[in-house]
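Here are some notes for a colleague who has not looked at this structure before. They are set out as numbered points and can be followed alongside the display.

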Amino acid sequence: MMDSQVLCFNRSHCFVKTVPQQQQRLQFHTLLAAHKSSSLSFRRGFACKGTSCSMKSYRLSELTPAEVQNLKARPRIDFSSIFSTVNPIVDDIRKRGDAAVKDYTAKFDKVELDKIVVEVSELLDPELDPSIKEAFDVAYDNIYAFHFAQKSAEKTVENMKGVKCKRVARSIGSVGLYVPGGTAVLPSTALMLAVPAQIAGSKTVVLATPPSRDGSICKEVLYCAKKAGVTHILKAGGAQAISAMAWGTESCPKVEKIFGPGNQYVTAAKMILQNSEAMISIDMPAGPSEVLVIADKHASPVHVAADLLSQAEHGPDSQVVLVIAGDGVDIKAIEEEVKKQCDSLPRGDFASKALSHSFTVFARDMVEAVSFSNLYAPEHLIINVNDAEKWESFIENAGSVFLGPWTPESVGDYASGTNHVLPTYGYARMYGGVSLDSFLKYMTVQSLTEEGLQKLGPYVATMAEVEGLEAHKRAVTLRLKDIEARQVPNSR
């Protein structure tokens with residue numbers, strides 16, 4: 001017997017909790033139910049860095065199903081106009097190679113380069129402050145340990161006597177890693193991408209990052225690149241860097257897969273090139289960075305505000321969502337902390353602009369809060385509530401999850417060991433983040449003995465005949481005849 005409970009969500013969704021004897025399973029189902037037509041929305045404003053930024057607020061229980069669905073939508077990116085800018089760059093890099101990369105680097109980064117690619121083995125080890133070196137070493141060790149543990153043992157399965165099958169992993173031979181360098185230098189991204197490539201065994205690893213004004217490479221990025229086995233550094237950013245790695249140039253090796261976050265021009269170039277004659281694949285679709293924070297009355301307003309701002313400071317297009325679970329949350333204290341902390345941030349202008357198009361939702365309880373989060377499918381999900389761990393099994397759609405009051409999103413961004421290259425824009429509904437598997441491809445292998453073909457062959461021949469593929473059938477039956485012919489003399 002199976003016992004089912006329906007846990008209502010917001011008049012538009014519900015949990016269906018199925019308990020077959022001792023095993024519990026949880027599934028989400030959409031419930032088309034009657035709903036109220038009225039909705040509640042209001043603004044609460046912060047004055048951040050002298051700029052008025054406001055987060056719209058909604059009470060989930062008073063929204064219609066359509067209105068709840070609308071909340072999951074991200075700001076639309078007009079790729080048609082971006083494609084018109086990026087396509088000529090992609091074509092120019094293909095035609096002119098290094099010369100075109102140098103021209104675009106001079107135009108966009110204001111840097112004149114003699115060489116756009118350097119081999120990492122030829123570069124001296126950069127000198128870092130000991131405390132900075134130690135921080136990156138700890139991050140490297142944790143990232144390596146977590147991704148190395150993702151290796152799976154090769155297993156052979158004998159489906160029938162004499163019919164053996166297995167699945168084997170091989171590294172992608174040549175990969176391109178994009179490390180942004182626009183408004184912030186991100187050596188942590190170099191680790192997140194290069195470490196799993198190193199473990200997978202990719203032979204050629206090209207890291208692209210914009211050069212400094214003097215044409216040099218950020219020393220922290222270089223340190224991480226050398227430590228994690230990068231073979232080449234392409235001193236370029238934007239669409240020109242993606243194009244150079246995809247097509248290959250006189251000095252830049254052609255890669256087979258491109259990884260890494262970037263702005264809308266980088267994303268557009270990846271999208272264009274994966275559908276071109278360049279024959280490359282990409283890690284995942286990407287959009288602006290985002291976080292959804294679920295907080296209850298036990299959450300510290302200081303911590304909640306800090307978590308919201310940690311994503312908002314990435315850029316003005318970052319997505320920030322606060323979900324208040326249940327009653328007793330001091331929303332005014334959170335607002336005051338956001339204002340206070342935002343005003344003191346060096347990147348407070350970015351943060352305030354991001355907050356201006358972000359929002360807060362009020363959920364009646366954790367069931368409603370988690371259900372909305374699954375609908376939104378955030379890149380980062382912070383669950384800052386009492387007994388956060390018990391809600392892990394209810395989470396279905398998120399790039400990375402941070403449980404409890406002592407797990408800020410920053411630890412995943414840098415050094416806990418998980419990967420920070422994650423699906424955004426709602427793609428967590430069907431994509432996972434970068435992992436060791438991202439740098440591997442899998443082949444299936446099968447091996448049959450005579451006995452195995454005799455057992456399986458007649459079934460294969462029958463299926464081929466049903467599909468009208470006579471050559472497929474003969475590839476089996478001719479072998480079966482040879483086996484039978486050799487067995488006849490032996491039986492005499």
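**Notes on the model**

1. Arginine 74 touches Glu290, Gln319, Tyr376, Ala377, Pro378, Tyr425 and Gly426, leaving aside residues up to four places away in sequence. The model is a predicted one. Arginine 74 sits in the loop between α1 (65-71) and α2 (79-96).

2. Is arginine 74 buried or exposed? Its relative accessible area is 9%, and the cut-off for buried is under 20%, so arginine 74 counts as buried. Two polar neighbours of its side chain can be named. One is the side chain of glutamate 290, with which arginine 74 makes a polar contact at 2.8 Å. The other is the backbone oxygen of tyrosine 376, which lies 2.8 Å from a polar atom of the arginine 74 side chain.

3. The next point concerns a sheet. Three strands form an open sheet in the order β7-β8-β19, and their pairing is antiparallel. β7 (156-160) and β19 (440-448) are the edge strands; each has a single partner strand, so one side of each has no neighbour in the sheet. From one strand to the next the twist averages 25°.

4. Within this sheet, β8 (residues 163-171) and β19 run antiparallel and are joined by 9 bridges. Valine 168 stands opposite methionine 443 in β19. Helix α14 (residues 450-466) lies across β7, β8 and β19, and runs at about 95° to β19.

5. Which residues have the most contacts inside the largest nonpolar core? They are Val175, Leu177, Leu191, Val230, Ile233 and Phe439, in a core of 39 residues. The elements that give two or more residues to this core are α4 (130-148), β9 (174-178), α5 (187-200), β10 (204-209) and α6 (219-227). Of these, α5 gives the most, with 9 residues.

6. Not counting residues up to four places away in sequence, leucine 177 touches Leu193, Ala194, Val205, Val206, Leu207, Ala208, Val230, Met245, Phe259 and Phe439. Another core, of 36 residues, lies apart from the largest one; among its members are Tyr178, Ala241, Ala244 and Met245.

7. The model has 10 aromatic pairs. One of them joins phenylalanine 79 and phenylalanine 83, which are stacked at 5.6 Å centre to centre with 25° between the planes. Both residues lie in helix α2, 4 residues apart, or about one turn of the helix. Phenylalanine 79 has 19% relative accessibility and therefore counts as buried, whereas phenylalanine 83, at 24%, counts as partly exposed.

8. Tyrosine 104 and phenylalanine 108 also form a stacked pair, at 6.0 Å centre to centre and 5° between the planes. Both belong to helix α3 (residues 98-109), where they are 4 residues apart, about one turn of the helix. Tyrosine 104 is buried, with a relative accessible area of 13%. Phenylalanine 108 is partly exposed, with a relative accessible area of 42%.

Terms used. Residues are numbered from 1 along each chain as its sequence is written. This is a predicted model: local features need pLDDT of at least 70, side-chain atom pairs count only at pLDDT 80 or more; totals for chains, interfaces and linings use all residues. Side-chain values use heavy atoms; hydrogens and water are left out. Buried means under 20% relative accessible area, exposed over 50%, partly exposed in between (1.4 Å probe, protein chains only). A polar contact is a pair of N or O atoms within 3.5 Å; within protein, one must be able to donate a hydrogen and the other to accept it, and residues adjacent in sequence count only if both atoms are side-chain atoms. Contact means heavy atoms within 4.5 Å. Two strands pair if DSSP finds at least two bridges between them. Axes are lines fitted to C-alpha atoms, for helices over the stretch in contact, and angles run from 0 to 180 degrees between N-to-C directions. A nonpolar core is a set of buried Ala, Val, Leu, Ile, Met, Phe, Trp, Tyr and Cys residues joined through side-chain atoms within 4.5 Å. Rings of Phe, Tyr and Trp (its six-membered ring) pair if their centres lie within 6.5 Å; planes under 30 degrees apart count as stacked, over 60 as edge-to-face and the rest as tilted.
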